[in-house]
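Please look over the sequence and the structure below before reading on. The paragraphs that follow go through some residues, pockets and salt bridges in turn.

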Amino acid sequence: MVFDAAAQPGGADRVTATLAEQGYALWSSRLDEGELAELAGLFVDWPAGRPGQRIDARRPLALSGVRRLIADRAPAMRPVRALLFDKSDDGNWALAWHQDRTIEVVEQQAVEGFGPWTVKQGRVHVAPPVTLLERMVTVRFHLDPVDADNAPLLVAPGSHRLGFIPEDAIEQVVARHGEAMCRAKAGAVWLYRTLILHGSARARPGRRRRVLQIDLSADDLPGGLAWAIDAKPPV
């Protein structure tokens, strides 16, 4: 059974409280059929065999449903990174337990507390101080139904409050905090604290699981660093 915090007494306030305490919450607002069709357009011409793509965070903002739901749930935050995931028979994979620890920026700058640096699919990423990640929220928009056989995201409730978790301690943290399975209907929206421990299994053959993931932040970056979304678009 999926716990829908927004359906409980207190609605939106309950979602906020659940997100702070448990690190994940299902938002009751969903993408409608027209908005799902818009979302499907992001997955056209998907590269064969590629499990995920990093895209310009401005692209999903052109979708009416994405704009509506972000404004509804996180009006004080803005998108700072966007990724697409498409699990299918052509690109199926399992994801080990981990934390998302990097952000996408315009270019590398020497700023204390930021590093190491990496380039992923031609985009500059850096590990910021943990305090910045602790304030971020990740939103996942589901295009396809996700049941126990279609690679639902697994999370360790409350693990977002532990800061950076050493790799050799992850197994113990999951054992202590337990696992929650984030099932979803088509159009569902899940909210996560960005630092939460998460992973997923392979989908069963014949299934497809398309997800738009957007990271949100209310912070400006220091020392001349800029979020990638603030780069001037190509002429």
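Does G163 count as buried or exposed? The model is a predicted one, and in it G163 has a relative accessibility of 10%. Buried means under 20% relative accessible area, so G163 counts as buried. This glycine is found in the loop between strand 9 (153-155) and helix 5 (170-177). What is G163 in contact with, leaving aside its neighbours within four places in sequence? The list is Q99, V130, E134 and L195. For V130 there is also a distance: the C-alpha atoms of G163 and V130 are 6.4 Å apart in space, although 33 residues separate the two in sequence.

The largest pocket has a volume of about 470 Å³. Its lining is made up of 23 residues, and those closest to the centre are R54, L83, F85, H98 and D100. Which elements supply at least two residues each to this lining? They are strand 2 (52-55), strand 3 (78-87), strand 4 (95-98), strand 12 (198-200) and strand 13 (209-217). Strand 3 gives the most, with four residues. By class, the lining of the largest pocket holds six nonpolar, nine polar and eight charged residues.

The second largest pocket has a volume of about 180 Å³. Here 19 residues form the lining, and E104, V105, R123, A228 and A231 lie nearest the centre. Two or more residues of this lining come from each of strand 3, strand 5 (103-105) and strand 7 (123-126). Strand 3 again has the largest share, here with three residues. The lining of the second largest pocket divides into twelve nonpolar residues, one polar residue and six charged residues.

The last topic is the salt bridges. How many does a search of the whole structure find? The search finds ten, and three of them are described here.

R68 belongs to helix 3 (residues 64-73) and E35 to helix 2 (residues 33-40), so the pair links distant parts of the chain, 33 residues apart.

Another salt bridge is formed by D86 and R208, where the closest N and O atoms are 2.8 Å apart. Why does this pair tie together parts that are 122 residues apart in sequence? It does so because D86 lies in strand 3, while R208 lies in the loop between strand 12 and strand 13. D86 counts as buried, because its relative accessibility is 4%. R208 is partly exposed, with a relative accessible area of 35%.

A further salt bridge brings together the side chains of D144 and R210, at 2.7 Å from N to O. D144 is in the loop between strand 8 (137-142) and strand 9, and R210 is in strand 13, so this pair ties together parts that are 66 residues apart in sequence. Both D144 and R210 are buried.

Definitions and conventions. Residues numbered from 1 in each chain as written. Predicted model: local features only at pLDDT ≥ 70, side-chain atom pairs only at ≥ 80, totals over all residues. Heavy atoms only, no water. 1 Å grid on protein atoms, 1.4 Å probe; cavity = no way out; pocket = protein on both sides within 12 Å on 5 of 7 lines; lining within 4 Å. Points joined across faces, edges and corners; volume = space filled by probe spheres on them. Nonpolar A, V, L, I, M, F, W, Y, C, P; charged D, E, K, R; others polar. Buried < 20%, exposed > 50% of the residue type's maximum accessible area, 1.4 Å probe, protein only. Contact = heavy atoms within 4.5 Å. Salt bridge = Lys/Arg side-chain N within 4 Å of Asp/Glu carboxyl O.
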